[in-house]
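Subject: Structure handover

Hello,

Here is the structure we spoke about.

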Amino acid sequence: MTSLFNLIRYLKVKLVVNTLWRWSPKSYLRSISLFSATESDTVWQLIHAFYMIENPKHRAEIFTQILEEDFHAKQFEDLINITEHADNYKVPFEEKKFLYSKEDPVWKLLAYCYIGEKDAADKFKDIMACSHNPDLKRTLAKIIHDETSHVGQANSILYELGAKPSEIKIELWRIRLIRKYESLVRNTKRIFEVIVDALLAIIYFTMGLLVSFKAKSIILDRKNS
Ligand SMILES: [Fe+2]
Ligand SMILES: [Fe+2]
């Protein structure tokens, strides 16, 4: 079942990279800015986790991860800045929200980050395999290396924080379900935006042609009268 999900994810990424990103630079920029926003959000979430964790070893590991996630966000921003057509591009504002309240055990927040890290690493590997953009591939190679080590680190911290394996399993399952739903909503919105952009382009082009024909016929009528 997992390999089927992986195949579906790979085909979806291939479709986006080879069609959507090629036809619509805006779509590519939006995806990269979303990656940057996600990295920044991870920094924000981990800072909260950092203050809730008491074990110095875990705090040191989380602090290192915060620095690396912040660097990832910056690397994606750099990618936007060197991209053609990015001159007037404005990174959409993504409001940050608490994933868990302060009353919840901190391992739940780390579990969410763990799933996010794993999903990101898997998706970045697929993008690397499909993309022909050397700048993007170079950036992703460095980030994948870091994310893979974060996944192993988060997994071990989860168990060391004292949560029961059954609790962790249920929470991971719940988080995966929420993330699948959010991804579905996000993808549907993006597909709708691309369709609206294409329809507007067709309408503007058709109107331009009609106005041009009308103007020519008025000029010819005036010349003949
Ligand atoms: Fe990251
Ligand atoms: Fe990470």
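A residue is called buried if 20 or more other C-beta atoms lie within 10 Å of its own, exposed if 12 or fewer, and partly exposed in between, with C-beta atoms placed from the backbone. This is a predicted model: local features need pLDDT of at least 70 and side-chain atom pairs count only at pLDDT 80 or more, while totals for chains, interfaces and linings use all residues. Residues are numbered from 1 along each chain as its sequence is written, and chains are lettered from A and ligands numbered from 1 in the order in which they are written.

Overall fold

The protein has six helices and zero strands (DSSP runs, H or I of at least four residues for helices and E of at least two for strands, numbered from the N terminus). The radius of gyration, taken over C-alpha atoms, is 23 Å, well over the 17 Å that the globule rule (2.2 Å times the number of residues to the power 0.38) gives for 225 residues, so the protein is more spread out than a compact globule. Along the principal axes, the C-alpha atoms fill a box of roughly 90 × 35 × 35 Å. Buried residues make up 20% of the 225 residues.

Helix H3

Helix packing

Axes are lines fitted to C-alpha atoms, for helices over the stretch in contact, and angles run from 0 to 180 degrees between N-to-C directions. The axes of H2 and H3 come within 8 Å and cross at roughly 160°. That makes the two roughly antiparallel (over 145 degrees; under 35 is roughly parallel, 65 to 115 roughly perpendicular and the rest oblique). H4 (residues 106-130) packs on H5 at about 150°, with the axes 8 Å apart, and these two are therefore roughly antiparallel as well.

H4 also packs against H6 (residues 165-224), at about 55° with the axes 10 Å apart. This makes H4 oblique to H6. Where they meet, H4 contributes Lys 108, Ala 111, Tyr 112, Ile 115 and Asp 119, and H6 contributes Ile 168, Glu 171, Leu 172, Ile 175, Arg 176 and Arg 179 (contact: C-beta atoms, placed from the backbone, within 7 Å).

Regards

Definitions and conventions. Contact = placed C-beta atoms within 7 Å.
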